[in-house]
Amino acid sequence: MITNMNIREILKQKLGCKDEDFDRPMPVPAPWSMPFWDAARKRKLVLKKCTCCGHIDHPPYLYCTSCSEEECEWIEASGKATLYAYAVNVYGVPFAFMEDLPYVLALVDLPEGPRMISNIVGCDPKDLKNGMELKVVFDDVSPEITLPKWKPVSK
Ligand SMILES: [Zn+2]
């Protein structure tokens, strides 16, 4: 039986994969998104808010996608969201993500406005329902990068 514990060794033997084939692509922070990544490392979810029109963009862009102004402020998000849609990945992913199978890719709606692409963690995918309440959690995927992810609010 193939398990996540030995899938790397099997892929190395059967397909000739090398350890670097399992390196994950990492986000590359830009000057205009650095506050988001700095905050995530400190376990805070922040969002970029335009000081001209009030629009909140995520992911953070160089300028406001509503009015094109560059002036912005960073606001701390509530850390709450609702599940808009999700997919459970069970196969057919890049080698770097095979050890995580199955995992949940999701679109989550933040009460502040943005719809974020992320992962749902800490629950059985069978228990997921669109519209369910979520709370943010943080995953240190490297010394530099912490990813906000989401888990269901336990009732
Ligand atoms: Zn704006």
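Analyst: Read along the sequence, the chain follows the pattern α-α-β-β-β-β-α-β-β-β-β, and please keep in mind that this is a predicted model.

User: OK, and how many helices and strands does the chain have?
Analyst: The chain has 3 helices and 8 strands, and its C-alpha atoms fill a box of roughly 55 × 35 × 25 Å along the principal axes.

User: What share of the residues is buried?
Analyst: Buried residues account for 17% of the 155 residues in the chain.

User: Which residues touch the most other members of the largest nonpolar core?
Analyst: That core has 17 residues, and Ala106, Val108 and Trp150 touch the most other members. The elements giving two or more residues to the core are helix H2 (34–41) and the strands E1 (46–50), E4 (80–89), E5 (103–109), E6 (115–120) and E7 (133–140), with E5 giving the most, at 3 residues.

User: And what does tryptophan 150 touch?
Analyst: Leaving aside residues up to four places away in sequence, Trp150 touches Ala81, Ala106, Val108, Ser118, Ile120, Leu134, Lys135, Val136 and Val137.

User: Switching to the strands, how do E5 and E6 run, parallel or antiparallel?
Analyst: E5 and E6 run antiparallel and are joined by 6 bridges, and valine 104 stands opposite isoleucine 120, which is in E6.

User: What about the hairpin they make, how many residues are between the strands?
Analyst: There are 5 residues between the strands of the E5 and E6 hairpin, where glycine 113 takes a positive phi near 130 degrees.

User: Last one: of the contacts between residues at least 6 apart in sequence, what share joins residues at least 24 apart?
Analyst: For this chain, 52% of those contacts join residues at least 24 apart.

Technical notes. Residues numbered from 1 in each chain as written. Predicted model: local features only at pLDDT ≥ 70, side-chain atom pairs only at ≥ 80, totals over all residues. Helix = DSSP H or I, 4+ residues; strand = E, 2+ residues; numbered from the N terminus. Buried ≥ 20, exposed ≤ 12 C-beta atoms within 10 Å, placed from the backbone. Contact = placed C-beta atoms within 7 Å. Core = buried A, V, L, I, M, F, W, Y, C linked by C-beta atoms within 7 Å. Pairing = 2+ DSSP bridges.
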